[in-house]
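Here's a quick briefing to read with the structure open beside you.

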Amino acid sequence: MQRREFLKAGGGLVVAFTLPTLPLAALAEDAPPTGKDMRPDEVDTWLVVGNDGKVTVYSGKVDLGTGARTALAQLVAEELDVDFGAVRLIMGDTGLTVDQGQTAGSQTISNGGAKLRQAAASARQALLAEAAQRLSVEQTRLTVAKGVVTAGEAGPTITYAALVSDKPLNVKLDPKVKLKDPGAYTIIGKSIQRVDIPGKVTGEFTYMHDFKLPGMLHARVVRPPSIGATLVDVDETSVRDINGFVSVVRKDNFVAVLGKTEWSAIKAARALKTNWNERDQFPDQAQLFEYWRGLPRGKDDPVVQSGDADGALASAAKHVKATYDFPVHTHGSIGPSCAVADFRDGHCTIWSPSQSTHSLQGEIARTLDIDKAAVRLVYLDGSGCYGRNGHEDCSADAALISQLAKAPVRVQWMRADEHGWDPKSPPTLVDLQAGLDDTGALMAWKSEFFIAQARGTMDEFPLLAAVLSGKPRPTYLTGNISKNSDVMYEFPHVKTEVHRMADKAFRTAHLRTPGRMQNTFANEAFFDEVAAAANADPLQWRLKYLKDPRSRAVLEDVAKMSGWQSRPSPAGQGAEAMKGGDAKGGDVAKAGDTAGAHAVKTGDAAQGGDVLKGRGVAFVRYDNERTYVAVVVQVEVDKRNGGIRVTDVWCSHDCGQVVNPDGVRNQVEGGIVQTISRTLMEQITFDRQKVTSLDWSSYPILRFTQVPAIHVHLIDRPEKPAWGAGEMAPTVIPAAISNAVFDATGVRLRSVPFLPDKVLAALKAPAAA
């Protein structure tokens, strides 16, 4: 719902609004109404029932293309007992919504949705109490459906709209309000079509890139030639003859050009002559992990341990040891970042696709040296976002340029901006050891994680506009990357150490499944190494060391889905070929059980030809406290060129209550596809001064023809809390692929990405691999 439509609609559950007078009509129509309740313990803060019966919901969370707008509307419609089509959301507008934290961590439904459900249920109780008084009946006799309250089976009725009577509800939000019983659901659990898709298909949807203001100029930031370079001088005469050129603005090392059109700004940015002093910023990429291991350490995380892992390893009958590493990734959003800003009269309004509009409000205020209250962020859908990509930096660019140029400004990044300057995910290095006793049972597990040290607050994030304009920021954001370092498997002796590396080379932030993917890659691939040493079936062995019923359920489910055949890896190697303990641990499906036509098919030890097939399994309970996922992947490995192709993925997914099954499947499938790309192809390249992978040739991603068949089964638990789905399935993909390659070839890949050269080298030296 556009705010202009809401304001024209008139009354509702909140006090009447008046608009401040602003020079631009577009700003006046989109300005926050004065008097909007913003107290988080008031129902009126979260939703409005209009005189037409329509419900406007105010969410601090945003929809990043995930379908959250639809799922949140389902939650509200269910608890309020109104038509789904009657609910409309305003999302992420700092002038209209409460700060619910950034839209990250797959917590929009579990956290943001929980608050909206409570508000809707509280509103329903208040409306029923009012209806009982109006109809002079006991509240227990009332029923409500589609916003109409009925007394008895055929008694008098009254609508929510009539109950509102153009006044606020003035009801406290009850965090303990009774929610609807799952057995009475009519909307939750249904695959309602996403409300945004039709407009996106027809081109009627307004993306951030489509937004315009009267008198708006187009701008491009002229980036330094390398990270950390300092500006010596700018020759403004070099661009004066460009048609449509307006001006150059500069603040310290921040330089931008403005034009009347986007093309004039692009031409000016390319033509502007600048002179910089450069310095080295990055380590030698060939020695990245030696550099990483040798960094000074910050404060290590507390050691997680049970028993005496060091002592048990020393006495183990068989010892397994390996090191895993994960590279630096860029977000690689296919569409460019974009933002529009208007700074006037000491206030700045920014239209932005940021996942964290409320925290960005403070970040930009610091950049502009104004009060946070003088900054307003209005959310508009942008290009794909899965973590902190370029949206926040682009928004700050636009705000600072608008302040310097004294005009409304639109900034759209170029591909080199995205790949070269967006925040990166930091490297990860993991050492693991395990010990088996003389029966082949796993008795000791020890792991050491070398991960980035986090420091500072979100408000202090080193936005490019802030740092380049002379405001150093100490923050190093990573996104809780120690999560899932400790395993859920129940071993007698376990020790997990997390070392925090004090890195200064990379500007980092959270990128989809931060840390959990890297840590689970190491843990789950190494678990398979140990299972192979014990001559055990890797899926059965997981069941052997897992006691939690829901953990076991997803593994047993994915075994049935994929037609898992119980045997050790690699393919064809049984007890006669490998010495170790038993492979007992739990019941799993045999080949063909409920697998349909898509059962895993792998060769035996003598599988001939140039293409080898293998299967791999991996499991996670995300953060060790929410969503459960198990996957099986099937791969083909071409011995001639080292190419890996993922042909099938089976995924069993338990995120508790499923609000919109189709939406959850979309998130699971999208995460799997993206992570196959990250696992097989992606890593940034850099020299000592700058990122060099600035386009899709140097930073390739998965193509449509490389997408596998994906089979998803959702284990719906309506009686349980709703957990997230966007970040969970990606967590297990790298390990599952590594395990499948081992099953196919007998060689182990421990370094992402699994590039053909790495595969060929491993095939030539399997003992070293």
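## A buried loop residue, to start

Let's begin with Ala 86, which sits in the loop between H4 and strand S3 (87-91). Keep in mind that this is a predicted model. From that loop we'll move on to two helix pairs and then to the strands.

- Ala 86 has a relative accessible area of 10%, which is below the 20% cut-off, so Ala 86 counts as buried.
- Setting aside neighbours within four places in sequence, Ala 86 is in contact with Gly 53, Lys 54 and Val 55.
- Val 49 is 37 residues from Ala 86 in sequence, yet the C-alpha to C-alpha separation of the two is 9.6 Å.

**H4 against H5**

- Helix H4 (residues 68-80) packs on helix H5 (residues 108-135) with the axes 8 Å apart and an angle of about 30° between them.
- An angle under 35 degrees counts as roughly parallel, and H4 and H5 therefore fall in that class.
- The handedness of the H4 and H5 crossing is right-handed.
- On the H4 side, the contact is made by Ala 68, Ala 71, Leu 72, Leu 75, Val 76, Glu 79 and Leu 80.
- H5 brings a list of its own to this contact, including Gly 112, Gly 113, Leu 116, Arg 117, Ala 120, Ala 121, Arg 124 and Leu 127.
- Sort the residues of the H4 and H5 contact by type and you get 12 nonpolar, 3 polar and 3 charged.

- Three strands make an open sheet in the order S4-S5-S6, with antiparallel pairing.
- On average, and with direction ignored, neighbouring strands here are turned by 25° against each other.
- Strand S5 (residues 148-151) runs antiparallel to S6 and is joined to S6 by 3 bridges.
- Opposite Ile 158 in S6 you'll find Val 149.
- H5 turns up again here: H5 lies across S4, S5 and S6, and runs at about 125° to S4.

**H11 against H12**

- Helix H11 (residues 357-368) and helix H12 (residues 391-405) cross at roughly 35°, and their axes come within 10 Å.
- The crossing of H11 and H12 is right-handed.
- H11 makes this contact through Leu 360, Ile 364 and Leu 368, while H12 uses Glu 392, Ser 395, Ala 396, Ala 399, Leu 400 and Gln 403.
- By type, the residues of the H11 and H12 contact come out as 6 nonpolar, 2 polar and 1 charged.

- How many residues of strand S10 (residues 254-259) are buried? The count is 6 of 6, which makes S10 mostly covered.
- Phe 254, Ala 256 and Leu 258 point one way from S10, while Val 255, Val 257 and Gly 259 point the other way, and all of them are buried.
- Strand S7 (residues 217-221) runs antiparallel to S10, joined by 4 bridges, and Val 221 stands opposite Ala 256.
- Strand S9 (residues 245-251) also pairs with S10 in the antiparallel sense, over 6 bridges, and Ser 247 is opposite Leu 258.
- S9 and S10 form a hairpin with 2 residues between the strands, where Asp 252 takes a positive phi near 60°.

Note on methods: Residues numbered from 1 in each chain as written. Predicted model: local features only at pLDDT ≥ 70, side-chain atom pairs only at ≥ 80, totals over all residues. Heavy atoms only, no water. Axes fitted to C-alpha atoms, helices over the stretch in contact; angles between N-to-C directions. Parallel < 35°, antiparallel > 145°, perpendicular 65-115°, else oblique. Left-handed = near helix turned anticlockwise from the far one by under 90°. Contact = heavy atoms within 4.5 Å. Nonpolar A, V, L, I, M, F, W, Y, C, P; charged D, E, K, R; others polar. Pairing = 2+ DSSP bridges. Buried < 20%, exposed > 50% of the residue type's maximum accessible area, 1.4 Å probe, protein only.
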